[in-house]
Every structure is written in C-alpha cells, then in structure tokens.
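Hi there,

I am passing a structure on to you, and I hope you enjoy looking through it. Please open it alongside this message.

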Amino acid sequence: WLSSSKLYGPTESIQRASTPSFSSSIVNSRLFGVSTSVPGIATDIPRLEPRHLRELSENQYVVICDFLPESLQTALRQDVQDLRQAEKFTVAKIRQDATNKLNTNIRVAESCFLGPTKLKTFPSAYRDQLYVILDQVKADLNSHFGKPLDSQLTELLYAFYPQGGFYRRHRDAIPGSASTLREYSLLLYLNKDWNEQDGGQLRLHFDSGDDELPAGEEAQCRDVLPQSGTLVLFRSNAIPHEVLDTQKERVAIIGWYNRPVASTDIGELAGVDLNPTRVALMGVAASLITVGVGMLISAS
Ligand SMILES: O=C(O)CCC(=O)C(=O)O
Ligand SMILES: [Fe+2]
C-alpha cells in the first residue's frame, strides 16, 4: 500500500480502491478494510488510503474508481428509483444563489436530501450503510489532515439529472454564504456502463477563475466519467467544476464535509460587520451559529 506516489497531470492516473467490491459477512483483516454488519447486508467499509490522501493534498482532488462496493451500488440505484417513484425528489435549486430561485440556465437536475435524520418514513438499510461509509471517509480525512470536520454540518443528497441535464461551471464554497464552510466536496456515482458518448462528464477546472475561465488564461481541465462506484473528492473552495450535458439519465450522490464555524465566520454568516476583537470573544455565538447553519442545511 505504500507503493510509489505518482506525480501526475490532470489527464492521467485514476486510482483504484483496494478493498474488494463485496465480501460475505466474514470480517476482513486487511489494513484498510473493516466490516460492519447491517441486518441483511455485510459489506466492507472502503477506506481512503494514504496515497489517495496524499494525492488530495497535492492536487486538491482525487478520483477513486470502484470505491463503493458493487452490491451497494445496485441497492442505492434501486433506492433512487424507489424515492423518485415516491416523489421524494424535487427540482434542484442553486443553493449558493442569493435568491435560491430556480435557475435552469445553470442547472437541470432533481435532488433528494439524505442523512440519518432524513427520510424517516422511507428507511433503507443500504442508505444507512452509505452513511457509515461516508463517516469513515470523514474520519480518514480528519486523521490525515488533522483538521476537524463538523459532524452536524455534513450535507448529503441524491441528484438525478434527466437526459439533457447539466450543471454549469461553479465553485461549491462561496464566501459570504453558509457554503463557505464547505471544506471537501464528495461525489459518488451510480451509473452503470457509462461511456464517453453518454456525456455527463464531471469537468474539473484548474485555472484561477470561479464561474468562468479568466480572460487570458488557458483552459486546463480533466473530465471524469460518472461511472458507477467512482468517488471524487476535492477541496470545495479550490476546484471549479461543471457537469457536461448528459445524454442519458445520470445519478450522483453529492455531499460536503463542512468545517466547524469559527468566530471569524460570525460577521460574515450573520451578515453583520463585527470588529475582530469582539468576534474573538464570541465562541459561544459560533456554536449558536453552527446550530443555526445546521438547521438551515437540514431545512433545505
Ligand atoms: O453531479 C455532479 O457530478 C456534480 C454536482 C455538483 O457539482 C454540485 O452539486 O455542486
Ligand atoms: Fe459542485
């Protein structure tokens, strides 16, 4: 597992997860695989390996193929179908947008918010398994980077893009809004047998722009196929990205690991101008804001 850390450009090196895609209920003894058992399912918990974490810190993003166990991919694909059937999906809004109004010039997709406290009337052991896996990813990020991530402030959703769907270039963390707390963006795809001609690639941009390529800069990007099982992680404030027009229905699990609210965020998040010395004395206010932002996120 400590094999060579490759230096690579935006167009190469897609990593592979090392855990087997599925195992029976036998607890495995491999270094990065632990197992849980949920009634009816027993799946290895895939882990971020040191090479993945190194790559994330060097390049601000990492792409890991075959991360999610295949049996779970199948089950979650079915979960998306069932939730759509039950009309649990709503047309996705652009949340960073000040007005939060529907903007179909930027995004055409439907979404369904997920999390341990969501969809209580529509439980799924497979979704619970997903939460366990995503908590482990968070723990792996935590222990590698040594920066705490806030468990209250994790956002998670299913996104369904119809044929012709897209999401134009944007950044996930925008200063001056709650999204500024997003530290890592997470994408997990559930689309079987995806090809180049199906479109819907996730395009990661490496120029210095936000929503557009700055004049005079050369485009530099990498396209990732939304292939079932693929995990993409990137620093939310570092990598502008977009979803190219999809020729087929496309499903993604989208999440953000947020950092805790710092006292220096208070002014910005509360929309007021506070002086820094006062702000420093306001740790209590920071935790209140955490609760407030948490409610904001869970209400969406
Ligand atoms: O669906 C994707 O691949 C990306 C979605 C995205 O960028 C977002 O929801 O912020
Ligand atoms: Fe995004």
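Below is what I found, starting with the whole protein and ending with the ligand.

One thing to keep in mind from the start is that this is a predicted model.

**The protein as a whole**

The protein has 300 residues, and 48% of them count as buried. Its secondary structure consists of 6 helices and 15 strands. If you take the contacts between residues at least 6 apart in sequence, 77% of them join residues at least 24 apart. The accessible surface is about 14,400 Å², with 53% of that belonging to carbon and sulfur atoms.

**Helix α2**

Which residues of α2 are buried? They are Leu 72, Gln 73, Ala 75, Leu 76, Asp 79, Val 80 and Leu 83. These residues sit on the same side of α2, because the arc they cover around the axis is only 165°. On the face turned away from that buried side you will find the exposed residues Glu 70, Gln 81 and Gln 85.

The cover over the buried residues of α2 includes the helix α3 (125–145) along with β7 (110–113), β8 (154–161) and β15 (250–258). Just after α2, have a look at Glu 87, which takes a positive phi of about 60°.

**Strand β15 and Asn 258**

Asn 258 is part of strand β15. Is this residue buried or exposed? Asn 258 has 0% relative accessibility and therefore counts as buried. Its side chain makes a polar contact with the side chain of Glu 155, at 3.4 Å.

**Around ligand 1**

In total, 14 residues surround ligand 1, and the closest are Tyr 161, His 170, Tyr 189, His 241 and Arg 250. Arg 250 has a polar side-chain atom 2.8 Å from an oxygen atom of ligand 1. For His 241, a polar side-chain atom lies 2.9 Å from a ligand oxygen atom, and for Asp 172 the distance is 3.1 Å.

How much of the accessible area of ligand 1 does the protein cover? On its own the ligand has 290 Å², and the protein covers 98% of that. The elements that give two or more residues to the shell are β9 (166–170), β10 (182–189), β14 (241–243) and β15.

Definitions and conventions:
Residues numbered from 1 in each chain as written. Chains lettered and ligands numbered in written order. Predicted model: local features only at pLDDT ≥ 70, side-chain atom pairs only at ≥ 80, totals over all residues. Heavy atoms only, no water. Buried < 20%, exposed > 50% of the residue type's maximum accessible area, 1.4 Å probe, protein only. Helix = DSSP H or I, 4+ residues; strand = E, 2+ residues; numbered from the N terminus. Arc of directions from axis to C-beta. Contact = heavy atoms within 4.5 Å. Areas by Shrake-Rupley, 256 points an atom, 1.4 Å probe, with all protein chains shown as cover. Polar contact = N/O pair within 3.5 Å; in protein donor to acceptor, adjacent residues only side chain to side chain. Near = heavy atom within 4 Å.
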